[in-house]
Amino acid sequence: VQLQASGGGLVQAGGSLRLSCAASGSIFSINAMGWYRQAPGKQRELVATITSGGSTNYADSVKGRFTVSRDNAKNTVYLQMNSLKPDDTGVYYCNAEVRVTMISRAFAYWGQGTQVTVSS
């Protein structure tokens with residue numbers, strides 16, 4: 001199973017970016033998908049998650065600015081980021097809880113990370 005993230009870049013404060021992450025490989029089903037980020041010198045933190053049924057969860061720092069969504073048919077999760085702030089700068093990682101067969105448990109897989117830099 002591979003997760004391929006894209007969409008990062010450099011943007012000015014107040015701007016927007018949209019991240020995408022597609023899962024591929026031997027996939028039976030995907031439970032939750034989500035995004036985490038890691039700023040320099042800090043631990044990786046949760047940004048947003050979404051279940052297969054569409055229930056979402058957000059870090060308090062991004063509520064009202066970021067929107068997570070997914071396309072189950074494409075095994076893809078998105079993160080729309082609006083009103084970006086310099087504090088949003090970091091490497092963004094996508095995550096997916098994947099079952100590779102009907103009887104296997106779900107394992108967490110990670111994408112390679114995509115850099116988001118917000119200038120003031």
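The backbone oxygen of Ile30 lies 3.3 Å from a polar atom of the Arg70 side chain, and that side chain also reaches the backbone oxygen of Asn31, at 2.7 Å; a polar contact here is a pair of N or O atoms within 3.5 Å, where within protein one must be able to donate a hydrogen and the other to accept it, and residues adjacent in sequence count only if both atoms are side-chain atoms. The model is a predicted one, in which local features need pLDDT of at least 70 and side-chain atom pairs count only at pLDDT 80 or more, while totals for chains, interfaces and linings use all residues. Residues are numbered from 1 along each chain as its sequence is written, and side-chain values use heavy atoms, with hydrogens and water left out.

Arg70 belongs to strand S7, residues 66-71 (strands are DSSP runs of E, at least two residues, numbered from the N terminus). Arg70 is buried and yet has no salt bridge, the nearest side chain of opposite charge being that of Glu97, 8.1 Å away. Buried means under 20% relative accessible area, exposed over 50% and partly exposed in between, with a 1.4 Å probe and protein chains only; for charge, Lys and Arg count as positive and Asp and Glu as negative, while His and the chain ends are not counted. Leaving aside residues up to four places away in sequence, Arg70 touches Ile30, Asn31, Ala32, Met33, Ile50, Thr51, Ser52, Thr76, Val77 and Tyr78, contact meaning heavy atoms within 4.5 Å.

Where salt bridges do form, they are defined by a side-chain nitrogen of Lys or Arg within 4 Å of a carboxyl oxygen of Asp or Glu, and a search of the whole structure finds four. In one of them Arg37 pairs with Asp88, with the closest N and O atoms 2.9 Å apart; this pair links distant parts of the chain, since Arg37 is in strand S4 and Asp88 in the loop between strand S8 (76-81) and strand S9 (90-99), 51 residues apart. Arg37 has a relative accessible area of 6% and is therefore buried, and Asp88, at 1%, counts as buried too. Asp88 also meets the side chain of Arg65 in a salt bridge, at 2.8 Å from N to O. Because Arg65 lies in the loop between strand S6 (56-58) and S7, and Asp88 in the loop between S8 and S9, this pair ties together parts that are 23 residues apart in sequence. Arg37, Glu45, Arg65 and Asp88 are linked in a network of salt bridges. Asp60 and Lys63 form a further salt bridge, with their closest N and O atoms 3.1 Å apart, and both of these residues are exposed.

Turning to the aromatic residues, rings of Phe, Tyr and Trp (its six-membered ring) pair if their centres lie within 6.5 Å, planes under 30 degrees apart counting as stacked, over 60 as edge-to-face and the rest as tilted; by this rule the count comes to one aromatic pair. Tyr36 and Trp110 form this edge-to-face pair, at 5.1 Å centre to centre and with 65° between the planes. Tyr36 lies in strand S4 (residues 29-38) and Trp110 in strand S10 (residues 107-110), so the pair ties together parts that are 74 residues apart in sequence. Trp110 counts as partly exposed, at 40% relative accessibility.

Definitions and conventions
Helix = DSSP H or I, 4+ residues; strand = E, 2+ residues; numbered from the N terminus.
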